[in-house]
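Have your viewer ready and follow along.

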Amino acid sequence: MRLRWIVLLALAALPACRHEEAVESTAAAAEHRLTPAQLSFLKFAPVAEVEATSLADLSGTIEFDEERTARLAAPVPGRVVQLLVQVGDRVAADQPLVTLESPEVKAAQADYVRADADSRLARKTAERATRLRAAQAIAEKDFLQAEEDTQKAAADLARARAQLERLRVAPGEPTSRYLLRAPLAGTVVERKALVGMEASAESAEPLAVVSDLSRVRVMVRVPERQLPLLQPGQEVAVRVDAYPQEFPGTVAALGDVIEDATRTLPVRCTVPNPDRLLKPAMFARVTLKPPPGLRLTVVPSHALLSDGQRFRVLVRTEEGRLESRPVEVGAQVDGLVQVLSGVRVGEVVVSEGALFAAQQLASS
């Protein structure tokens with residue numbers, strides 16, 4: 001009888017134990033639940049996959065294309081005696097721009113005349129030494145000396161001729177003037193040369209600047225968070241206040257150093273300018289278009305929580321609980337943030353009130 005009562009008491013205690021376990025399980029689940037009143041403050045949004053949008057209205061400035069711009073200084077010291085072009089003139093390659101009176105040109109002509117005379121004399125001496133050697137009427141060392149003098153004279157003549165070619169002066173031409181020429185076809189965009197001024201290669205400013213304005217550059221600074229959407233060669237659209245149309249271009253190069261103050265990176269774009277409508281120093285608004293077919297997994301930017309080092313989101317599970325999950329983020333565009341890892345497309349996250357929900361869960 002005593003054994004039977006013990007068994008009955010044990011069986012009676014089993015439902016009570018199960019009830020206590022259920023209560024504990026419910027309490028544990030409640031740690032990740034909010035009350036209906038608290039949930040009413042929250043908004044939810046699904047993790048979505050979207051096509052990458054354009055980075056619009058970045059501020060930029062129209063600049064000269066330095067690959068097609070020549071800043072011309074005087075290669076020889078001299079005095080400006082004639083101006084052959086004005087600012088705004090279109091010039092052809094090799095067209096003279098400025099005339100300088102230079103003693104170096106006169107000296108180069110004199111050096112050539114002297115080197116030419118020495119070379120002719122050395123050749124005649126070598127020819128005479130060759131005949132005397134054949135008649136055994138000259139010492140061998142004198143013959144060798146004549147040959148060596150001929151070679152030296154020829155080298156001096158070649159050097160003097162090269163100097164005249166550099167100065168674009170014909171040998172023997174009676175002139176002391178040097179013509180500063182345009183190395184490329186383009187537009188004279190600046191001319192500092194004035195009649196009577198002294199010029200040299202060490203001058204602080206160029207005498208003239210020629211640029212081919214059929215292509216210009218646009219420099220923009222792109223926020224650090226948008227860099228995953230950039231790559232060289234992608235398309236851009238440039239707009240300026242002067243004209244209603246867009247000017248298409250491409251990304252030429254990305255900078256390598258982030259600016260600390262603005263957390264931006266310089267990006268250089270090239271824009272064809274066949275009608276010369278875009279002028280250097282114009283302010284521009286630039287839209288960077290992402291590569292075709294680029295799709296991003298995104299969440300609303302307000303869904304992100306950060307401790308200053310890492311990011312996380314609150315994910316609503318199938319059971320209705322909120323789960324804090326770390327994520328790795330990428331680009332941020334138009335109120336959306338690219339998520340590289342941590343969540344899957346279709347999962348639901350807290351899109352508004354995430355900070356409130358995290359505080360309530362932490363205090364529950």
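## An edge strand and its sheet

Strands E4 and E11 (residues 208-211) run antiparallel and are joined by four bridges. Within this pairing, arginine 71 has valine 209 of E11 as its bridge partner. Strands here are DSSP runs of E with at least two residues, helices are runs of H or I with at least four, and both are numbered from the N terminus; two strands pair if DSSP finds at least two bridges between them.

The open sheet has four strands, in the order E4-E11-E9-E6, with antiparallel pairing. Because E4 (69-72) and E6 (90-91) each have a single partner strand, they stand at the edges, and one side of each is left without a neighbour in the sheet.

## Aspartate 212

Aspartate 212 counts as buried because its relative accessibility is 17% (buried is under 20%, exposed over 50%, partly exposed in between, with a 1.4 Å probe and protein chains only).

Beyond neighbours within four places in sequence, aspartate 212 is in contact (heavy atoms within 4.5 Å) with Arg68, Leu184, Ala185, Gly186 and Arg276.

## About the model

This is a predicted model, where local features need pLDDT of at least 70 and side-chain atom pairs count only at pLDDT 80 or more, while totals for chains, interfaces and linings use all residues. Residues are numbered from 1 along each chain as its sequence is written, and side-chain values use heavy atoms, leaving out hydrogens and water.
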